[in-house]
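Have the structure open while you read.

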Amino acid sequence: GNTAFVTGPIQLRAGVILLIDKGVTLYGSRNPKDYERSEGSCGLVNDASTGCNPLILAKNATGSGIMGDGTIDAQGGAKIIVEGKPSGKSWWDLAEEARTVGRQQVPRLLETDLSDDFTLYRITLKNSPNFHVAFHRGDGFTVWGIKIDTPKTARNTDGIDPAQSKNITIAHSYISTGDDDIA
């Protein structure tokens, strides 16, 4: 019905708004190869600092945002795809495995960096493999009327993590995750 779409990583540009209409779901790929920062770096547990690109990246993207009454589902609880077949583990299984040894190499749903005046409005974000929203080094971040909903058993799935930023408004939103709702 043209209401479900699967995507690999998306990079937002300055002044661009990703609009997801009511009834539409944008699903994140379950294939770790789609998110690799280098060959074989995503979809595993190791000691590297970071191995995966986020589902959505806004770097130097001033005036951009994500809006609409639709949903972005990063499929954190679904089995990842390895060599074209579902593996025995989900992104969240990797997070649990990393609890005792190493670091989980899984994508975040949305990561911004140096993107002033970024807006999240009336969008639903769910099932991120890792943090849902990481807003870094920005001036002006408005979160209004969004919903973040992920099971409490999903490890390291923070809702919104603003870091080294200022002028942040988070209002009239519902946030329920497996870790910090707002950190």
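This predicted model holds three aromatic pairs. To count as a pair, rings of Phe, Tyr and Trp (its six-membered ring) need centres within 6.5 Å; planes under 30 degrees apart are called stacked, over 60 edge-to-face, and the rest tilted. So a pair of aromatic rings comes down to the distance of the centres and the angle of the planes.

Helices here are DSSP runs of H or I with at least four residues, strands are runs of E with at least two, and both are numbered from the N terminus. Tyr-35 has 2% relative accessibility, so it counts as buried, and Trp-91, at 0%, is buried too. Buried means under 20% relative accessible area, exposed over 50%, and partly exposed in between (1.4 Å probe, protein chains only).

The Phe pair also links distant parts of the chain, with Phe-118 in strand β13 (residues 118–121) and Phe-141 in strand β16 (residues 139–144), 23 residues apart. Both are buried, and together with Phe-135 they make up one aromatic cluster.

Now for the sheet. Six strands line up as β1-β4-β8-β14-β17-β20 in an open, parallel arrangement. β1 (4–7) and β20 (174–176) sit at the edges with a single partner strand each, so one side of each has no neighbour in the sheet. From one strand to the next, the twist averages 20 degrees (axes are lines fitted to C-alpha atoms, for helices over the stretch in contact, and angles run from 0 to 180 degrees between N-to-C directions). Strands pair if DSSP finds at least two bridges between them; β8 (residues 71–73) and β14 (residues 124–126) have three. Asp-73 is bridged to Lys-126 in β14.

Finally, where does Thr-157 lie? Thr-157 is in the loop between β17 (147–149) and β18 (160–163). Its 0% relative accessibility is why it counts as buried. Setting aside neighbours within four places in sequence, its contacts (heavy atoms within 4.5 Å) include Trp-92, Phe-131, His-132 and Asp-179.

Residues are numbered from 1 along each chain as its sequence is written. Local features need pLDDT of at least 70, side-chain atom pairs count only at pLDDT 80 or more, and totals for chains, interfaces and linings use all residues, while side-chain values use heavy atoms, leaving out hydrogens and water.
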